[in-house]
Amino acid sequence: MRYYLIVGEASGDLHASNLMRALRREDPEAEFRFFGGDLMAKVGGVCVRHYKSLAYMGFVPVLLHLRTILRNMDFCKNDVEAWNPDVLILVDYPGFNLKIAQYIKLHTQIPVFYYISPKIWAWKEYRIKNIKRDVDALFSILPFEVEFYRKHGYPVHYVGNPCVDAVDAFRKSFKETFDDFVSAHHWGKKPVVALLAGSRKQEIKDNLQLMIQAARSFPDYQFVVAGAPGIEPDFYRQYIDADTEIVFGETYRLLSHAAAALVTSGTATLETALFRVPQVVCYYTAAGKLVSLLRRLVLKVPFVSLVNLIAGKEVVTELVAGDMSVRAVKRELAQILPGGKERERMLADYETLIQVLGEAGASERAARHMLEALEAYKKKLYA
């Protein structure tokens with residue numbers, strides 16, 4: 001069968017690539033066409049647009065690139081319709097993908113599946129109307145979403161979390177020692193603190209400088225930035241100093257050896273927890289006090305990190321908007337480094353979180369459920 005996938009960022013590229021492999025195991029004749037990234041391209045198929053051309057976040061960047069975004073959207077609509085796949089699979093990225101879903105549902109009979117649900121439980125809950133109208137089946141990776149959608153009369157498939165798969169597969173084959181890791185990069189023997197400052201330029205610009213400033217207060221540690229896919233090294237060099245290292249394509253390797261981490265909110269917070277690395281969630285925004293006020297008024301959930309949302313309590317400290325400062329980062333990082341009073345408590349909470357997420361195999365379960373849902377859709381269509 002023919003599968004068209006649409007991804008808008010690095011984490012989606014990772015999870016979509018694993019889903020594609022699982023679909024190919026279930027359907028050896030699978031053909032793929034996609035808006036995606038390098039990991040999806042390695043699986044095979046035709047990449048018609050790289051997600052880097054879509055990855056704009058925030059009001060001003062979106063406004064500045066609105067013409068490009070709209071051109072990509074029009075191209076995508078026409079390309080999906082022309083290729084006429086057996087199914088369209090949307091992966092997160094709701095601002096773009098829900099508009100594509102609306103168009104495809106209105107103009108074709110192509111079934112629309114959604115993998116990795118839009119986070120409408122956090123805000124924009126009104127989008128449930130669009131989902132119920134335009135999405136034929138939704139495959140959730142967060143356990144609490146099942147009850148959320150049930151409340152709205154829309155059943156979803158919970159398939160487990162693909163981060164569990166990715167981390168589990170990496171750890172099974174990973175044998176490197178800390179000494180081998182630092183020697184390979186010609187670093188010293190000091191313990192490592194990982195800096196994961198986001199996957200978009202605006203996130204990196206806003207957060208990395210503050211992380212680096214806080215790092216200077218911990219001379220017994222070496223700080224290493226995990227470079228995001230698609231971001232050129234020169235961009236990072238604007239914000240890091242001579243004492244800060246940077247690696248690309250080695251985030252899991254870095255987390256395997258890190259004593260602690262400073263992490264911008266997103267999928268990376270959950271991946272860091274799965275590696276059992278204590279972390280502080282850091283998300284700076286301009287006009288922080290105003291944003292903090294708006295956050296309390298607009299957001300429907302008490303947390304921003306996936307770790308805390310899944311756990312249903314504050315496992316990791318979130319320094320967001322008005323709470324994010326160099327002083328606060330220094331204070332919270334000290335609490336989770338070896339010997340810090342919050343470190344063991346956080347590691348114990350991680351184990352409970354991992355139990356809630358369940359076993360690996362999300363990609364395989366998603367592929368099987370998708371093929372079953374596709375068969376049911378066809379029977380309903382031709383009944």
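A salt bridge is a side-chain nitrogen of Lys or Arg within 4 Å of a carboxyl oxygen of Asp or Glu. In this predicted model, the structure holds 21 salt bridges. One of them joins the side chains of Asp234 and Arg237, with an N to O distance of 2.6 Å. Both residues belong to helix H11, which runs over residues 233-237. They sit three residues apart, about one turn of the helix. Asp234 and Arg237 are both exposed.

A further salt bridge links Glu332 to Arg331. Their closest N and O atoms are 3.0 Å apart. Glu332 has a relative accessible area of 14%, so Glu332 is buried. Arg331 is partly exposed, at 44%.

Arg345 and Glu342 also pair through their side chains, in a salt bridge of 2.7 Å from N to O. Arg345 is partly exposed, with a relative accessible area of 30%. Glu342 is partly exposed too, at 27%. Salt bridges with shared partners connect Lys313, Glu342, Arg345 and Asp349 into one network.

Helix H17 covers residues 343-357. Its 15 residues, at 1.5 Å a residue, should span 21 Å. The end C-alpha atoms are 21 Å apart, which agrees. The buried residues of H17 are Arg343, Met346, Leu347, Asp349, Tyr350, Leu353, Ile354 and Leu357. These residues cover an arc of only 160° around the axis, so they lie on the same side of H17. On the other side of H17, Glu344, Thr352 and Gln355 are exposed. Just after the helix, Gly358 adopts a positive phi of about 90°.

Terms used: Residues are numbered from 1 along each chain as its sequence is written. This is a predicted model: local features need pLDDT of at least 70, side-chain atom pairs count only at pLDDT 80 or more; totals for chains, interfaces and linings use all residues. Side-chain values use heavy atoms; hydrogens and water are left out. Helices (H or I, at least four residues) and strands (E, at least two) are DSSP runs, numbered from the N terminus. The expected span of a helix is 1.5 Å times one less than its number of residues. Buried means under 20% relative accessible area, exposed over 50%, partly exposed in between (1.4 Å probe, protein chains only). The arc is that of the directions from the helix axis to the C-beta atoms.
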